[in-house]
Each structure stands twice: as structure tokens, then as C-alpha cells.
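This report describes selected strands, turns and aromatic contacts of a predicted model. The sequence and structure are shown first.

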Amino acid sequence: MPTSSAAVLSGEPMPVFATPNVRESELYEKKQGEKNKKGWDKFIYDTLVEWGKDVTALEDEDFIPPNPDVIYLACRVARKCRDKGFVPPTRVVPDGEGGISFEWVEEDISRSLNIYADKSIELLTFDDCRLCDRRRLP
């Protein structure tokens with residue numbers, strides 16, 4: 001089957017049938033993986049590590065900042081997620097009760113990976129603000 005048109009009058013011949021590169025999906029996945037890794041690194045180093053340097057900066061009335069042990073656990077969890085190629089969270093926030101939450105929001109679905117002050121971990125999934133799944137993680 002011909003891949004270019006014989007009817008070209010001038011200029012470069014235009015392909016009649018697109019011939020996708022068999023490596024395009026590999027390249028896209030690699031690019032996306034690098035982008036995800038950079039996103040995780042930003043949260044780990046620009047947010048969590050900075051909080052660990054000075055937790056008093058997070059102190060406020062009726063707001064309990066995460067302690068260094070919780071921040072360290074959050075860094076370990078974040079590195080594991082990064083290394084497994086997970087999409088980075090939409091945001092990372094202190095929960096105000098001594099814990100940290102990683103939050104993913106995509107249209108009506110949102111997920112919250114909560115690392116509590118007692119170092120327990122829970123994944124909550126919401127569909128249009130209604131809790132639809134709750135899991136304790138080891």
C-alpha cells in the first residue's frame with residue numbers, strides 16, 4: 001500500500017496514511033513519568049522538607065501542626081508513591097490536628113490520603129463530596 005500521494009504537484013509529499021511511531025506511547029509514558037516524578041519531588045522537597053525545618057511556622061490558634069515524625073512518615077509515603085509512578089497530588093496540606101493530607105481532585109471524584117498524628121494512614125474516596133470508600137493502609 002502506498003504511503004504517499006502521487007498527486008502532489010509541488011512541495012513535500014504528504015502521507016496518505018498516518019504511520020504512527022511504535023515508540024510514541026513509550027515516549028509519552030516516559031515523559032509523563034518524568035513529569036509525575038518532578039511533581040512529587042516538588043511536594044517532598046519544597047513543602048514537606050520545608051515544614052520539617054520549622055514546624056513552628058505552621059502553628060496558629062486552634063491549629064496543631066504536624067510533628068517531625070509525621071512529616072518524616074509523609075516523606076516516606078510520598079517517595080514510595082513517586083517511585084511507583086503514581087500521579088502527584090493536587091495539594092498537600094496539614095490537617096490542623098497534627099496530620100498531613102495528600103489530596104487528589106479530578107472532576108467529581110476526590111481522594112484524600114491522610115497521615116494522622118498517631119501515624120495511622122487512611123485513604124478516603126469521595127464522589128461529589130459523598131464518602132464512597134474508606135481504607136486503612138498498613
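## Loop residues with positive phi

The loop between β2 and β3 contains E107. Although E107 is not a glycine, its phi is positive, at about 55 degrees. The relative accessible area of E107 is 77%, so this residue is exposed, the cut-off being over 50%.

A further case is C129, a residue other than glycine whose phi is positive, near 70 degrees. C129 lies in the loop between β4 (121-127) and β5 (130-137). With a relative accessible area of 73%, C129 is likewise exposed.

On one side of the pairing scheme, β2 runs antiparallel to strand β1 (residues 91-94), to which four bridges join it. Within this pairing, R91 has E103 of β2 as its bridge partner. The two strands form a hairpin with five residues between them, and G96 in the turn has a positive phi of about 85 degrees.

Strand β2 is also antiparallel to strand β3 (residues 109-115), with seven bridges between the two. Here V105 has S110 of β3 as its bridge partner. β2 and β3 form a hairpin with two residues between them, and the turn includes E107.

## Aromatic contacts

Two aromatic pairs are present in the structure. One aromatic cluster is formed by W40, F102 and W104.

Technical notes
Residues are numbered from 1 along each chain as its sequence is written. This is a predicted model: local features need pLDDT of at least 70, side-chain atom pairs count only at pLDDT 80 or more; totals for chains, interfaces and linings use all residues. Side-chain values use heavy atoms; hydrogens and water are left out. Two strands pair if DSSP finds at least two bridges between them. Rings of Phe, Tyr and Trp (its six-membered ring) pair if their centres lie within 6.5 Å; planes under 30 degrees apart count as stacked, over 60 as edge-to-face and the rest as tilted. Buried means under 20% relative accessible area, exposed over 50%, partly exposed in between (1.4 Å probe, protein chains only).
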